[in-house]
Amino acid sequence: MSDNSNNYKTGSFYRRFFANQLDQLINVSICLILPLLVAISIYSAGSANLTGSLINSAAVFMLVMLLLSVGCFFIMWIFSYKYGGSVGKLLFGMRIIDAQGKYMDRITAFWRMTAGYAVSAGFLFLGFFWIFRRKENLAWHDRIFDTKVIKVGSPLWGMLWMVLLTVFCVLATVFSVSLFIPTL
Amino acid sequence: MYSTVDNIKESFKLAWNHKLLWIVAVLAVGGMNFGGSSGLGGDKDENSDKNKNEIRQDVRFNYIDDTQPVKINEKVLGAATNALNSGSVGTMVGEEIYPIDSGGLISAVPGIIALVFIFSLLVIFNAVISLLISSWARGAFYPNVLKAHKQENYNFKSLGDAGKKYWKRYIKFILYIFLKRFLSFLPFVGIGIVSGVAAFFVPDFVFIPLLLMIPVFVWFFAYNIALGFVEEFSLRILVSDDIDTKSCYKKGWEYLKTRPGKSIKLALAWILAIGLLFAVFFGVAGTITYLIYQLIQKQALVFVGLLLGFLIFVVFMAVFVVATPLIVTAGAFAWTRLYLFTRETLEPPADVAKEVLDSMYRTEATNV
C-alpha cells in the first residue's frame with residue numbers, strides 16, 4: 001500500500017462480517033466437505049468388512065481435515081502479511097494496513113490473527129462490535145495492533161463467491177448424505 | 001502501613017477503574033481454546049457420536065453367496081437394501097442380529113491408531129497456539145497492571161506493544177514453572193515403584209512405602225502452594241528486572257521468604273472474598289430459580305415464570321461475564337501491591353535509602 005492510504009475509507013462492520021463469513025465458508029468447503037467426500041467414497045467403495053472400512057474412512061477424513069485446517073491457518077497468515085488480508089477480505093475489496101500505511105509484517109499478522117481475535121471474541125464478541133463505536137471502524141484487535149481495514153475495491157466478487165460456495169456446500173452435503181445412507 | 005483487607009478493597013477499586021485491562025485479564029490467567037477463535041473448519045470427530053446400539057453386520061453373514069463373483073458396491077447396497085426390507089438396521093439374515101466380527105475390528109486397528117495419532121496432533125497444535133496466546137496475554141497484562149498502579153498512561157496500543165515485547169519471557173517462565181510442578185510428582189512415582197517392588201518381593205511390608213505417601217503428599221501440597229506464590233511475584237519481577245528466567249524464579253523465592261505470612265494471608269483472604277461473592281451470587285440465583293420452579297409447579301403464571309426465568313438467566317450470565325475479569329484483574333492488583341510492598345522492603349527506593357544512611361552517619365557538626 002502507498003502513502004495515500006489515508007484517502008481510502010475504512011471497511012464497515014457488515015462488509016468485514018461478510019468477509020469473515022466467506023473465510024469460514026472457504027474453510028468449511030476445503031476442510032470439511034472435501035475430506036467428507038473423500039471419506040465417503042472410500043467407505044462406499046470399501047473393503048469386505050464394514051467396521052474396518054468405517055474406521056479407515058474416518059481416519060482418512062480426520063487426516064485430510066487436520067492437514068487442510070492447519071494449511072488454511074497458514075494460508076490465512078501468509079495472505080494477511082503478503083497480500084494485505086485473508087482471502088475473504090481480498091474478495092470483498094479490503095486490505096489490512098498498519099500505521100505506516102503498509103501491509104502488516106508477519107509477526108503482527110500472526111499475533112493479530114491469534115491473540116487479537118481471541119481478545120475481541122473474549123467478551124461475547126464485544127471486541128468485534130466495537131467497530132460500531134467510532135467512525136474509524138476499528139475493532140479491539142485493530143486498536144491493539146495499530147492496524148485498520150480499508151476499502152480498496154468492490155465487494156461484488158466476494159458476494160458472488162459466497163453464493164457459489166454456499167450452493168457448493170449444500171449440494172455436497174446432500175450428495176454425501178445420499179451416498180452414505182444407502183450403505184447403512 | 002500494609003494491610004491485607006485494605007489491599008483487597010483498594011484492588012477492587014483499581015480493577016473497576018481500569019476496565020481496559022479486563023480484555024486481556026482472562027486470557028492471561030485462564031488461557032484460551034484456540035479452536036474457537038481461529039475459524040478452523042470443524043475439528044469435531046463426526047463419527048464419535050455414532051449410536052452404539054446400531055450393530056454392524058459383517059458382509060460375510062449376508063445371504064449372498066460369497067463364492068460368487070459379486071461387485072463390492074452391489075454387495076453393500078444389497079445388504080443395505082436387505083436391512084431396509086427387514087425393517088431394522090443391522091439385521092442381515094432373517095431376524096437374527098449378529099455381533100460385530102472381531103476380524104473387522106482387527107483390520108481396523110491401523111485406522112484406529114491413525115485416528116488417535118491424528119487427534120493427538122490436532123490437540124498438540126491447538127495447545128501450542130493456546131500457549132502462545134496465553135504468553136502474549138500475560139506479556140500484555142502484567143506490565144500494564146504495574147503501569148496502572150503507578151497511574152501511568154496506557155492504552156490499547158501499549159497492550160499490544162507490551163505483549164509483543166514480553167511474550168518470550170513469559171513463555172519461558174510458564175514452561176519453567178510447569179517443569180517444576182511436573183518434577184514435584186516424581187516422589188509419588190518413586191514411592192509407587194518401591195511399593196510395587198515391595199508388593200512383589202515382601203508383600204507383608206508393602207504398607208511401609210505406602211505410609212511414606214502421607215508426608216510426601218503434605219510436602220507436595222505445601223510446595224505447590226508456595227510455587228503459586230513464587231509465580232505471582234516472579235510474573236512481576238519479569239517486567240521490572242531485566243533478568244533471565246532462573247534468576248527471576250530465585251528472586252521470587254526470595255520475595256516469598258521475605259513476606260511469607262502476608263502472602264498466605266492474602267491468599268486466604270482472597271479465597272474468602274471470592275467464596276463470599278460466589279455464595280451471594282449463586283445463593284440469589286438459586287433462590288430465584290426455586291421460586292420460579294414453584295410458580296411453574298403450581299401452574300400459576302407459567303408463561304410469566306418462564307419469561308422471568310429466562311430474563312434472570314440472561315442478567316446473571318451478563319453479571320458472570322463481567323464479574324470474572326473484574327475478579328481476575330482485582331487479584332492481579334492485589335498481588336502487585338504486595339509485590340511492590342515487598343520490593344520496598346528488599347530494595348528501598350534510592351531517596352529513602354539515602355535518608356536512612358544520612359541519619360545513620362551524621363557529621364559531627366549536625367550532631368550538636
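Trp77(A) and Tyr81(A) both belong to helix α2 (residues 50-82) of chain A, where they stand four residues apart, about one turn of the helix; helices are DSSP runs of H or I with at least four residues, numbered from the N terminus. An α-helix has 3.6 residues a turn, so residues three or four places apart point the same way. The ring centres of Trp77(A) and Tyr81(A) are 5.9 Å apart and the planes meet at 65°, so the pair is edge-to-face. Rings of Phe, Tyr and Trp (its six-membered ring) pair if their centres lie within 6.5 Å, with planes under 30 degrees apart counted as stacked, over 60 as edge-to-face and the rest as tilted.

The model is predicted: local features need pLDDT of at least 70, side-chain atom pairs count only at pLDDT 80 or more, and totals for chains, interfaces and linings use all residues. Residues are numbered from 1 along each chain as written, chains are lettered from A and ligands numbered from 1 in the order in which they are written, and side-chain values use heavy atoms, without hydrogens and water.

Ring pairs join Trp77(A) and Tyr81(A) to a cluster that also includes Phe73(A), Phe74(A), Phe110(A), Trp111(A), Phe125(B) and Trp167(B). Over all chains, the whole structure holds 40 aromatic pairs. In one of them, Tyr14(A) and Phe132(A) have ring centres 5.9 Å apart and planes at 65°, so this pair is edge-to-face. Tyr14(A) lies in helix α1 (residues 13-45) of chain A and Phe132(A) in the loop between α5 (126-129) and α6 (140-145) of chain A, so the pair ties together parts 118 residues apart in sequence. Tyr14(A) is exposed, at 52% relative accessible area, whereas Phe132(A) is partly exposed at 47% (buried is under 20%, exposed over 50%, partly exposed in between, with a 1.4 Å probe and protein chains only).

In chain B, the largest nonpolar core has 107 residues, of which Ile23(B), Trp136(B) and Phe141(B) touch the most other members; such a core is a set of buried Ala, Val, Leu, Ile, Met, Phe, Trp, Tyr and Cys residues joined through side-chain atoms within 4.5 Å. Helix α6 (residues 109-149) of chain B gives the largest share of this core, 15 residues.

Helix α9 (residues 207-240) of chain B bends by about 25° at Pro215(B), the angle between axes fitted to the seven residues ending there and the seven starting there. Arg236(B) lies in this helix and is buried at 1% relative accessibility.

Definitions and conventions:
Helices (H or I, at least four residues) and strands (E, at least two) are DSSP runs, numbered from the N terminus. The expected span of a helix is 1.5 Å times one less than its number of residues.
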